[in-house]
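Please look through the sequence and the structure shown below before reading on.

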Amino acid sequence: MAFLRCFGYKVRRAGGADVRIFAEDDKDDQLDRTMIAGVTRYTSNELKKFTMNFSNSNLIACGGFSRVYLAEFPDSTRRAVKIMDCSSERLNRIYKQELDILVQIQHDNIVKLLDHCDDDQFGNMLVFEYVPNGTLQDKLHGNRDMILPWRNRMAVAFQLAQAIEYLHDKCPLQIVHGDIKSSNILLDDQFNCKLCDFGSAKIGFSSSVSPPTNRVMLGSPGYTDPHYLRTGIASKKNDIYSFGVIILELISGVEAFSSVSGERLISKAAPILKNVSNVAEMMDPRLHRSYELEEAKAMMTLAALCLSDFPGLRPSASEILETMRSRTSSISFLFSVGKEV
């Protein structure tokens, strides 16, 4: 058994390659890591070449402090190269934290880290498996001609809950993702969920993690837990709240936050959350009634619990999974999703 220290916590990890994790209290404040044996490491110049010199034609995603490029590797595999802006101490810490977390976690519904490269010229880089079907945001709100069937939506919800359960309770570190939203949910060629972007994640051993006094509030409009915004206390229940918003998106096909009107989806859904028997009024019209009404009611009831004003009343990820297993028959089709799309 190896012991790890990360952000002041001592962590027990069983089996596998030894990984030494950056500790905030290390004298040199340096990232010291032993990567898994057998992984081919690439230089920044090689990664630049594989992405066609970071060509705009290979740009597949762009955020405030990062860009993601499609890369063609010598073995003919495709991967995603995320270049992160580390021009400030805070951004560099975000990069290190994301890397520290990603090297320790492994789950089918979390995007897999394959390599990393620290570079002063191009920016620090993370190399991920390539997930070809874009994001849930794209599929629900981008191409309006593309309709994600009900069973696929239920499978995404179930798989996302599995990823959250793993982060909260089943991985070596208890992790609060902190930015669960449809644009951070990737879909593979079978429309399976892959949660990504751990730049806002927090680590701790209890259901609640209090940030330092000089905290930086993070989150995305429409998804961020109001309790977190009021108190600044990061908690597993923040992720549960965001999951509730994702359920509303899957049911309605409406964005979590309208940049045009400034309206939040949860406000629009408030009457239905109080009376789930009227859920049909909120169903995505593109589904053309091709959904299970009782499942939709069960999912709306679950969303109402996840979105409770009182974090203590929100279910855990394990309880969410149990509810979905018992009340949504579509979960039996989990491993055949994608065939309808």
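## The sheet

Which residue in S7 does Ala 80 stand opposite? In this predicted model, the residue of S7 that faces Ala 80 is Phe 128. The two strands concerned are S5, which covers residues 78–84, and S7, which covers residues 124–129; they run antiparallel and are joined by six bridges.

S5 and S7 belong to an open sheet of five strands, in which the order is S3-S4-S5-S7-S6 and the pairing is antiparallel. At the edges stand strand S3 (59–62) and strand S6 (113–117), and because each has a single partner strand, one side of each is left without a neighbour in the sheet. From one strand to the next, the twist averages 20 degrees. Helix H2, made of residues 89–102, packs on this sheet and touches S5, S6 and S7, with a direction that makes about 30 degrees with that of S7.

In soluble globular proteins, nonpolar side chains tend to be buried together. Here the largest nonpolar core has 77 residues, and those with the most contacts inside it are Ile 105, Leu 160, Leu 195, Phe 198, Phe 243 and Leu 248. Helix H4 (residues 150–170) contributes the largest share of this core, namely 11 residues.

If neighbours within four places in sequence are left aside, Phe 243 is in contact with Ala 157, Leu 160, Ala 161, Ile 164, Cys 306 and Ile 320. Another core, of 13 residues, lies apart from the largest one, and its members include Ala 71, Cys 117, Met 125 and Val 127.

## One face of helix H9

Helix H9 spans residues 317–327, and among its residues Ala 317, Ile 320, Leu 321 and Met 324 are buried. Seen down the axis of H9, the buried residues fall within an arc of 95 degrees, so they line one face of the helix. In general, an α-helix has 3.6 residues a turn, so residues three or four places apart point the same way. The buried residues of H9 pack against H4, helix H6 (236–252) and helix H8 (293–306).

## The cysteines

A disulfide is a covalent bond between the sulfur atoms of two cysteines. When cysteine sulfur atoms must lie within 2.5 Å to be counted as a pair, the count in this model comes to zero disulfides. Cys 193, for example, is in no disulfide, and the nearest cysteine sulfur, that of Cys 196, is 9.3 Å away.

Is Cys 193 buried or exposed? Cys 193 counts as buried because its relative accessibility is 0%, and Cys 171, at 9% relative accessibility, also counts as buried; the cut-off for buried is under 20%.

How values were computed:
Residues numbered from 1 in each chain as written. Predicted model: local features only at pLDDT ≥ 70, side-chain atom pairs only at ≥ 80, totals over all residues. Heavy atoms only, no water. Buried < 20%, exposed > 50% of the residue type's maximum accessible area, 1.4 Å probe, protein only. Pairing = 2+ DSSP bridges. Helix = DSSP H or I, 4+ residues; strand = E, 2+ residues; numbered from the N terminus. Axes fitted to C-alpha atoms, helices over the stretch in contact; angles between N-to-C directions. Contact = heavy atoms within 4.5 Å. Core = buried A, V, L, I, M, F, W, Y, C linked by side-chain atoms within 4.5 Å. Arc of directions from axis to C-beta.
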